[in-house]
Amino acid sequence: MPRQLHLSAALDSPGRFDAGHYTSLARLAERATLDFVTLDDSFAPVPSRPDALATLARLAPLTSRVGLVPTVTTTHTEPFHTSISVNTLDWASEGRAGWLVGVCATEAEARAFGRRPVAAEDELWAEAADAVEVAARLWDSWEDDAEIRDTATGRFIDRDKLHHIDFEGPHFSVRGPSITPRPPQGRPVVAVPVAAADLAPDASPGGRARVAAAIRHADVVLLDAPDPATRLAAATELRLRAGESLRILARLDAALSALPDRAADERLLAELTATGTGVDGFHLSPADPPRDLAALAGRIAPALRAAGLLRAEYTGRTLREHLGLARPASRYAARPADASTASPALAEVTR
């Protein structure tokens with residue numbers, strides 16, 4: 001049997017703010033049994049777009065299986081707040097949340113906040129790596145069985161199972177623990193965008209820092225590569241450096257038709273079914289999201305299922321299950337309780 005593809009799609013629709021639009025798109029993606037959908041975001045004033053995390057949180061109760069992965073930037077934000085927001089999305093979606101890590105590298109975005117000048121891209125991605133590390137530690141800071149909910153004794157939490165994370169780095173100092181229980185997935189899925197050029201010997205400092213963040217923290221890499229040969233070389237290098245548990249999805253433009261279009265369909269199917277590509281699947285970028293996602297659900301997905309390349313239905317509930325990723329254990333669960341962890345304050349964060 002051929003190995004089934006992991007497929008995802010972007011819902012990006014600049015200028016659209018109505019919830020019904022994004023609900024319709026997410027339901028089409030779910031009908032196509034995609035692993036997840038993404039929604040881009042930034043602090044740039046144009047093009048205008050909705051808050052990605054809030055929009056996908058709105059879609060959580062209106063969908064049941066498809067993963068929800070907003071872009072959340074680490075520049076001009078605090079990792080403690082980011083960790084809580086992504087954790088909340090994981091609870092709202094019953095374990096279907098992810099986080100597409102982004103940075104803000106423009107002067108316009110820096111001016112919009114007014115807190116700090118624009119920084120070099122390599123510094124921004126080094127900061128992003130620290131932010132993801134802080135978030136992961138905060139998600140782990142509650143052991144899975146930390147909640148007691150014993151009404152007879154009035155005890156809600158076993159304080160011995162809450163932990164200070166005591167993170168000290170060049171960008172953040174965060175003591176923790178989190179103020180919310182551990183996410184349903186243990187840790188929501190972390191995705192990082194990488195370009196094949198970032199892996200080249202002459203890669204820019206920013207590209208090298210982005211790769212370092214992906215190697216260290218990503219569950220999923222969204223890979224930009226100009227051709228199949230470059231895609232294969234980049235995917236091979238990423239696996240050598242990150243291991244086989246990394247899921248690599250190649251970005252692919254998807255422009256289809258509202259009506260059956262044999263040429264367009266066959267073109268996309270040929271790209272999706274090509275052998276020796278080195279990737280686990282594809283992240284589709286629709287040119288016209290309503291049209292292209294409808295074609296994907298109505299024509300492309302059935303053709304892939306007929307070839308044994310796409311699930312007929314979801315067999316799991318969480319995004320980690322869709323991707324074949326194990327639920328990680330809390331890094332603190334095996335530690336014996338001591339004076340430093342017995343009675344932590346709920347949150348102590350400094351910048």
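Me: Which residues line the second largest cavity?

Reply: Heads-up: this is a predicted model, where local features need pLDDT of at least 70, side-chain atom pairs count only at pLDDT 80 or more, and totals for chains, interfaces and linings use all residues. Residues are numbered from 1 along each chain as its sequence is written, and side-chain values use heavy atoms, without hydrogens and water. A cavity is a set of points on a 1 Å grid over the protein atoms alone where a 1.4 Å probe fits but cannot get out, and lining residues have an atom within 4 Å of a point. For the second largest cavity, the lining is Ala9, Ala254, Leu256, Leu268, Leu284, Pro286, Asp292, Leu293 and Leu296.

Me: Which element gives the largest share of that lining?

Reply: Strand 12 (281–286) and helix 9 each give two or more residues to the lining of the second largest cavity. Helices are DSSP runs (H or I, at least four residues), strands likewise (E, at least two), numbered from the N terminus. The largest share, 3 residues, comes from helix 9.

Me: How many charged residues are in the lining of the second largest cavity?

Reply: Asp, Glu, Lys and Arg count as charged; Ala, Val, Leu, Ile, Met, Phe, Trp, Tyr, Cys and Pro are nonpolar, and the others, Gly among them, polar. This lining has 8 nonpolar residues and no polar ones. That leaves the charged count at 1.

Me: How much space lies in the largest cavity?

Reply: The structure holds 3 cavities of 30 Å³ or more. A volume is the space filled by probe spheres set on the grid points, which are joined across faces, edges and corners. The largest cavity, lined by residues including Asp12, Tyr22 and Arg49, comes out at about 50 Å³.

Me: Which residue meets Arg311 in a salt bridge?

Reply: A salt bridge needs a side-chain nitrogen of Lys or Arg within 4 Å of a carboxyl oxygen of Asp or Glu. For Arg311, the N to O distance is 2.8 Å and the partner is Asp35.

Me: Is Arg182 buried or exposed?

Reply: Arg182 forms a salt bridge with Asp144 at 3.1 Å. Buried means under 20% relative accessible area, exposed over 50%, partly exposed in between (1.4 Å probe, protein chains only). Asp144, at 48%, is partly exposed, whereas Arg182, at 4%, is buried.

Notes: On a 1 Å grid over the protein atoms alone, a cavity is a set of points where a 1.4 Å probe fits but cannot get out, and a pocket is an open set with protein on both sides within 12 Å along at least five of seven lines; lining residues have an atom within 4 Å of a point.
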